[in-house]
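Hello,

Here is the structure for your files. My notes on what was found in it follow below.

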Amino acid sequence: MNLLLNVLWVILGGFVTALQYLLAGLVLCLTVVGIPFGLQCFKLAGLSLWPFGYDIRDAPPGSGTPSVNLFANVVWVLVAGIWICISHLTIALGLAVTIIGIPFAIQHAKLAFLSLAPFGKEITEIR
């Protein structure tokens, strides 16, 4: 079922969303300061390309400094995260109106959550 939903997701706009995150990540990685933010864009690109069957969890302890993650998330939110989150929530709201769109709305809500604070999060496969 996840395969079918992921294929439909890619056809109905997931590919374009993933390309946008990928392009933003490449542009951010052109500067040394932007590399951590570019890596988060790559994380979002991967999830936005194939979201069904994956979940977002807090990164395990020792994988980053919590204060650095907090600072980076604050910068992320102020620069772009809030707008990315709003766009995903708007799309999710539009999709949730139809019964067929509910699974896709849930995935956009998941992307909105990750786009609001990507530092200190990891994407794991649901088993």
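Helix H3 (residues 66-96) packs against helix H4 (residues 102-116) with the two axes 8 Å apart and at an angle of about 170°. H3 is therefore roughly antiparallel to H4, a label given to angles over 145 degrees. The axes are lines fitted to C-alpha atoms, for helices over the stretch in contact, and the angles run from 0 to 180 degrees between N-to-C directions. Helices are DSSP runs of H or I with at least four residues, strands are runs of E with at least two, and both are numbered from the N terminus.

This is a predicted model, in which local features need pLDDT of at least 70 and side-chain atom pairs count only at pLDDT 80 or more, while totals for chains, interfaces and linings use all residues. Residues are numbered from 1 along each chain as its sequence is written, and side-chain values use heavy atoms, with hydrogens and water left out.

On the H3 side, the residues that meet H4 include Trp 76, Ile 84, Cys 85, His 88 and Leu 95; their partners in H4 include Phe 104, His 108, Leu 111 and Leu 116. Contact here means heavy atoms within 4.5 Å. The residues of this contact divide into 17 nonpolar, 4 polar and no charged.

The loop between H3 and H4 holds Ile 100. Ile 100 counts as exposed because its relative accessibility is 72% (buried is under 20% relative accessible area, exposed over 50%, partly exposed in between, with a 1.4 Å probe and protein chains only). Its C-alpha atom is separated by 36 Å from that of Ala 72, 28 residues apart along the chain.

Lys 121 lies in strand S2 (residues 121-125) and, at 19% relative accessibility, counts as buried. Its side chain is joined to that of Asp 58 by a polar contact of 2.6 Å (a pair of N or O atoms within 3.5 Å; within protein, one must be able to donate a hydrogen and the other to accept it, and residues adjacent in sequence count only if both atoms are side-chain atoms). Leaving out residues up to four places away in sequence, Lys 121 also touches others, including Lys 43, Ile 56 and Phe 113.

The disulfide count is 0, with a disulfide taken as a pair of cysteine sulfur atoms within 2.5 Å. Cys 41 is buried at 5%, and its sulfur is 8.2 Å from the closest cysteine sulfur, in Cys 29, too far for a bond. Cys 85 is buried at 9%, and its closest cysteine sulfur, in Cys 41, is 15 Å away, also too far.

Regards

How values were computed. Parallel < 35°, antiparallel > 145°, perpendicular 65-115°, else oblique. Nonpolar A, V, L, I, M, F, W, Y, C, P; charged D, E, K, R; others polar.
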